[in-house]
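Thanks for asking me to look this one over.

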Amino acid sequence: MPKSLHCVICGRVQGVFFRAFVVEQAQTLDLKGWARNLPGGKLEVLAQGDVAVIEDFAARLRQGPPLARVDAVEIQWTDHETEYKNFQIKR
């Protein structure tokens with residue numbers, strides 16, 4: 001089972017193409033998982049893959065796309081029960 005990163009991103013992260021940015025970055029790094037908006041304007045991400053690659057991904061999430069403003073990224077490493085086959089946006 002691959003290591004998983006679960007994070008919640010706070011700031012101006014909805015309505016600024018952040019989910020599309022997350023998918024693009026994850027696909028570039030060959031990560032699996034998902035991203036979804038949360039009530040209250042936050043974004044939740046679960047990413048699976050190599051730990052070093054996920055750490056690079058987390059650094060990219062802290063930056064975000066040009067229109068976004070990232071105030072905080074809450075990170076938790078987990079052993080997630082489900083293995084994902086791709087990276088997608090959940091609704």
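**Notes on the fold and its core**

1. Let me start with the overall dimensions. A compact globule of 91 residues would have a radius of gyration near 12 Å, and the chain has 12 Å, so the two agree. Please keep in mind that this is a predicted model. Taken along the principal axes, the C-alpha atoms fill a box of roughly 35 × 25 × 20 Å.

2. Next, the layout. The chain has two helices and five strands, and from the N terminus on they run β-α-β-β-α-β-β. Among contacts between residues at least 6 apart in sequence, 78% join residues at least 24 apart.

3. Buried residues account for 37% of the 91 in the chain. The chain exposes about 5,200 Å², with carbon and sulfur atoms supplying 47% of that area. As for charge, there are 12 positive and 11 negative side chains, and the centres of these two sets lie 8 Å apart.

4. Helix H1 deserves a careful look. Its buried residues are Phe-18, Phe-21, Val-22, Val-23, Gln-25 and Ala-26. They pack against strands S1 (3–12), S2 (32–38), S3 (42–49), S4 (69–78) and S5 (87–89), and also against helix H2 (51–63). After H1 comes Asp-30, which has a positive phi, near 60°.

5. Now the core. The largest nonpolar core has 22 residues, and those with the most contacts inside it are Ile-9, Phe-18, Val-22, Val-45, Phe-57, Leu-61 and Phe-87. S1, H1, S3 and H2 each supply at least two residues of this core. The largest share, five residues, comes from H1.

6. Is Val-22 buried or exposed? Val-22 counts as buried because its relative accessibility is 0%, against a cut-off of under 20%. Val-22 sits in helix H1, which spans residues 18–28. Setting aside residues up to four places away in sequence, Val-22 touches Ala-35, Leu-43, Val-45, Phe-57, Leu-61 and Phe-87.

7. Which residues does Phe-57 contact, leaving aside its neighbours within four places in sequence? They are Leu-5, Val-22, Gln-25, Ala-26, Leu-29, Leu-31, Val-45, Ala-47 and Phe-87.

Key: Residues are numbered from 1 along each chain as its sequence is written. This is a predicted model: local features need pLDDT of at least 70, side-chain atom pairs count only at pLDDT 80 or more; totals for chains, interfaces and linings use all residues. Side-chain values use heavy atoms; hydrogens and water are left out. Helices (H or I, at least four residues) and strands (E, at least two) are DSSP runs, numbered from the N terminus. Buried means under 20% relative accessible area, exposed over 50%, partly exposed in between (1.4 Å probe, protein chains only). Contact means heavy atoms within 4.5 Å. A nonpolar core is a set of buried Ala, Val, Leu, Ile, Met, Phe, Trp, Tyr and Cys residues joined through side-chain atoms within 4.5 Å. The radius of gyration is taken over C-alpha atoms; the globule rule is 2.2 Å times the number of residues to the power 0.38. Accessible areas come from the Shrake-Rupley method with a 1.4 Å probe; for residues, only the protein chains shown count as cover. Lys and Arg count as positive and Asp and Glu as negative; His and the chain ends are not counted. The place of a charge is taken as NZ of Lys, CZ of Arg, CG of Asp or CD of Glu.
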